[in-house]
Amino acid sequence: MNRLIADSGSTKTDWLLIKDSGETVGIKTKGINPFFRTSEDIYEELKSDLQPVVGEPESIFFYGAGIINEERGEVIRKALLQLFPAAHVETHSDVLGASRALFGKQSGIACILGTGSNACLYDGEAVVTGIPPLGFILGDECSGAVLGRKLLGDYFKNVMPADIQTLFASDYAVTQAEVLRRVYRADRPNKYLAGFTPFLSKHIDEAYCRELVTASVDEFFKRNVIQIPDAGQFDLGFVGSVAWHFRDILEAVASGHGFSNPRILKGPIEKLQEYHSTNE
């Protein structure tokens, strides 16, 4: 049975087609967040970017940011059924996908640190306690979007040290007017803000950059992880590009909060393949 698994954030979607023969095919498309997209829009995009590559999968398991309830999941499910009317289609939250990838059928605290951020308690079957992420304005601590927001704020308010400002200006030819337009007027401001996060990785040996990331990771723990009841009793895991690229800082901060050896995955797609291979 040909199966199609998707892990989708606001920036990109990773698809993995698993053929009857066991051969796998990886595909990347744009991010599909039902808060910002319609079923018709998603259908038109995937009709050209996905359908010609995957053919007619018999089952589809879609895990995505923005699927906070059945209504949001139905936005994506409708588009996928329009493309693949004979398929069995399931849509789930990205936190359930992260949980299954990190812990399989075991319990644990699953966290996402990518363009956005999230944390939840997983009991081996379902998400039983979730901390609301609230987006990059009210929450999303230590996400790519928030790290980018902090960088830009520090740059334009001259909080950033002068030598780091010079490096930032060299890497990004940004103007205040353009940044304000992209953040407050254009589509997908979270994706735009997250695009500045690689600067921190590139210059992580600079004290300013390392301190900004360390403080942001600590903020994520204080406002998310330790808000979960009895958090210290559970294994801890992270999925996402921010977690992966700053994993040394993440491990150090986790240790300071009493968590040792957190599991860290750059992306969940391969572990989700294992999950669906052993739990169907």
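The model is predicted, so local features need pLDDT of at least 70 and side-chain atom pairs count only at pLDDT 80 or more, while totals for chains, interfaces and linings use all residues. Residues are numbered from 1 along each chain as its sequence is written, and side-chain values use heavy atoms, with hydrogens and water left out.

**Exercise 1. Describe helix α3, its buried residues and its start.**

Solution. 

Step 1. Helices (H or I, at least four residues) and strands (E, at least two) are DSSP runs, numbered from the N terminus. Helix α3 covers residues 70–83, 14 residues in total. From its first C-alpha to its last, α3 reaches 20 Å, close to the 20 Å expected at 1.5 Å a residue; the expected span is 1.5 Å times one less than the number of residues.

Step 2. Relative accessible area sorts residues into buried (under 20%), exposed (over 50%) and partly exposed (in between), with a 1.4 Å probe and protein chains only. The buried residues in α3 include G73, V75, I76, A79, L80 and L83.

Step 3. The cover over these buried residues includes the strands β2 (12–18), β4 (59–64) and β5 (88–93), together with the helices α1 (39–49) and α2 (51–54).

Step 4. At the start of α3, a side-chain oxygen of N69 comes to within 3.2 Å of the backbone nitrogen of E71.

**Exercise 2. Examine the salt bridges K19 with E23, K222 with D218 and R263 with D235.**

Solution. 

Step 1. A salt bridge is a side-chain nitrogen of Lys or Arg within 4 Å of a carboxyl oxygen of Asp or Glu. Side chains of opposite charge can pair when their charged atoms come close. The whole structure holds 14 salt bridges.

Step 2. In the pair K19 and E23, the closest N and O atoms are 3.7 Å apart. K19 is partly exposed at 29% relative accessibility, and E23 is partly exposed at 43%.

Step 3. For K222 and D218, the closest N and O atoms are 3.0 Å apart. The two residues stand 4 residues apart in helix α11 (residues 207–223), so about one helical turn separates them. K222 is partly exposed with a relative accessible area of 44%, and D218 is partly exposed with 23%.

Step 4. For R263 and D235, the closest N and O atoms are 3.5 Å apart. R263 belongs to strand β10 (residues 263–265) and D235 to the loop between α11 and β9 (236–239), so this pair ties together parts 28 residues apart in sequence. R263 counts as partly exposed at 36% relative accessibility, and D235 is partly exposed at 45%.

**Exercise 3. What volume does the largest cavity have, and how much space lies in the largest pocket?**

Solution. 

Step 1. On a 1 Å grid over the protein atoms alone, a cavity is a set of points where a 1.4 Å probe fits but cannot get out; a pocket is an open set with protein on both sides within 12 Å along at least five of seven lines, and lining residues have an atom within 4 Å of a point. Grid points are joined across faces, edges and corners, and a volume is the space filled by probe spheres set on the points.

Step 2. The search finds 1 cavity of 30 Å³ or more. The volume of the largest cavity is about 40 Å³, and its lining consists of S10, G31, N33, F36, R37, R188 and N190.

Step 3. The largest pocket holds about 1,100 Å³ of space. It is lined by 46 residues, of which G9, S10, A65, D94 and G116 are the closest to its centre. Among the elements that give two or more residues to this lining are β1 (3–8), α4 (94–103) and α9 (189–194). Strand β7 gives the most, with 4 residues.

**Exercise 4. Where do L134 and N158 lie, and what is the phi of each?**

Solution. 

Step 1. Most residues other than glycine have a negative phi, and most peptide bonds are trans.

Step 2. L134 is located in the loop between β8 and α5. Its phi has a positive value, near 70 degrees, and L134 is exposed at 52% relative accessibility.

Step 3. N158 lies in the loop between α6 and α7. The phi of N158 is also positive, near 60 degrees, and N158 is exposed with a relative accessible area of 58%.

Note on methods:
Contact = heavy atoms within 4.5 Å. Polar contact = N/O pair within 3.5 Å; in protein donor to acceptor, adjacent residues only side chain to side chain.
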